[in-house]
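Colleague: Could you walk me through this chain? I would like to go from the overall fold down to a few individual residues.

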Amino acid sequence: MFIQNAWYMAAWAHEITQAPFPRTLCGVSLVFFKNPETGEIGALHDRCCHRGTPLSLGQVVPEGLECGYHGMVFDEHGACVHIPGQARIPAKARVRSFPVVVQDEIVWVWMGDPANADPARIVSYPYHNDHAKWPHKHQVYRVKANYMLLVDNLMDLTHLAFVHKNTIGGNPKAHVEAQMKVTPRDDGLHFIRWLMESAPPPTYRKAVDLAERIDRWMEFQYIAPGTVLQWTGGIDSGKNAAENRDQPGFSLRIFHGLTPETDTTCFYFWSAANGYRQDEPQATEDLFREIDTAFKEDKTVVEAQQAMLSSTGEGDLVDIVSDAARIHMRRTVDRLAQAERQNA
């Protein structure tokens, strides 16, 4: 049901410590742990090869992850390196391991064939490393909805005016009349929306002083299967924002990582980076709270949507003009999934 040969966001780097950290991704129960000596992170199938006990019930020891049932120890690559009271270790005494890379404060895991796990395919997000220019905070939700419903939500931004009236929304008419350009790519798409001479939404007004009318942009890049990069902002109208967005105003960057847990649940990782009052920690904190409020509104909507679709199906749903980016996104995922099945 999921694309396997892909890098998925598994966790924020700070979540993985020396204690076993269980998380189900793409329907597979995994356990993450950090080697106390090398700092290397391992990701193993959360199932001991001896009696099937979850390894997450064990503990991390210098040699690796110790099963909490009979004390067998496995290293970051899944090989058994110790069996209490037994010198010889059977060749079959191992558990499946998954390639892991830590990059840009993110733990990425490859769910498919390890031979195809090329780190060069990992989405680069250098803004997480620039704390001076882009101070940020991050969050993760467990959402009771298929991860694609959250990607859908990010591809059709006309919902902002209705779901987020008190935060990042804005005037409904401005959203409907937004100038939008969608550019398909092999691994996803890019789109940018301009809301020219629109009223600043509440979140913008709280952050910076703006005129009564601003030129507002929303730039998104979708990389299949579950990453969305966002740069959003607004500058007083009449300052040629379309040609130069690097001038005083409101600006933020958001990283969205959507990773399936099961067919009807997922993890929503996101970070919000403050691009205006960077030397004021409170500004970053205030922005985080605003975005957290808005995204919890999305969570409520997509969970209700999932409950309804689970009951009724979606075969009779209709598409409208604002679905252009969403439709291309879905076609990209279907194409990649079909290619993977044909090559299996």
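The questions below go from the whole chain to single residues.

Modeller: Happy to. This is a predicted model, in which local features need pLDDT of at least 70 and side-chain atom pairs count only at pLDDT 80 or more, while totals for chains, interfaces and linings use all residues. Residues are numbered from 1 along each chain as its sequence is written, and side-chain values use heavy atoms, with hydrogens and water left out.

Colleague: How many helices and strands does the chain have?

Modeller: Both are DSSP runs numbered from the N terminus: helices are H or I with at least four residues, strands are E with at least two. On that basis the chain has six helices and 17 strands.

Colleague: Why does the chain count as being as compact as a globular protein of its length?

Modeller: The radius of gyration is taken over C-alpha atoms, and the globule rule is 2.2 Å times the number of residues to the power 0.38. For 344 residues the rule gives 20 Å, and the chain is as compact as a globular protein of that length because its own radius of gyration is close to that, at 22 Å.

Colleague: What percentage of the residues is buried?

Modeller: Buried means under 20% relative accessible area, exposed over 50%, and partly exposed in between (1.4 Å probe, protein chains only). Of the 344 residues in the chain, the buried ones make up 52%.

Colleague: Is Cys26 buried or exposed?

Modeller: Cys26 sits in the loop between β2 (21-25) and β3 (28-34). Its phi is positive, about 50 degrees, although Cys26 is not a glycine. With a relative accessibility of 7%, Cys26 counts as buried.

Colleague: What is the relative accessible area of Glu105?

Modeller: Glu105 lies in the loop between β9 (100-103) and β10 (106-110). Glu105 also has a positive phi, about 70 degrees, without being a glycine. Glu105 is partly exposed, and its relative accessible area is 23%.

Colleague: Which peptide bond is cis, with omega near 5 degrees?

Modeller: Look in the loop between β14 (214-223) and β15, where Pro225 has its place. The cis bond runs from Ala224 to Pro225.

Colleague: Which side chain does Arg245 join through a polar contact of 2.8 Å?

Modeller: Arg245 is in the loop between β15 (227-236) and β16 (250-262). Leaving aside residues up to four places away in sequence, Arg245 touches several residues, including Trp194, Trp217 and Trp231, where contact means heavy atoms within 4.5 Å. A polar contact is a pair of N or O atoms within 3.5 Å; within protein, one must be able to donate a hydrogen and the other to accept it, and residues adjacent in sequence count only if both atoms are side-chain atoms. The side chain that Arg245 joins at 2.8 Å is that of Glu219.
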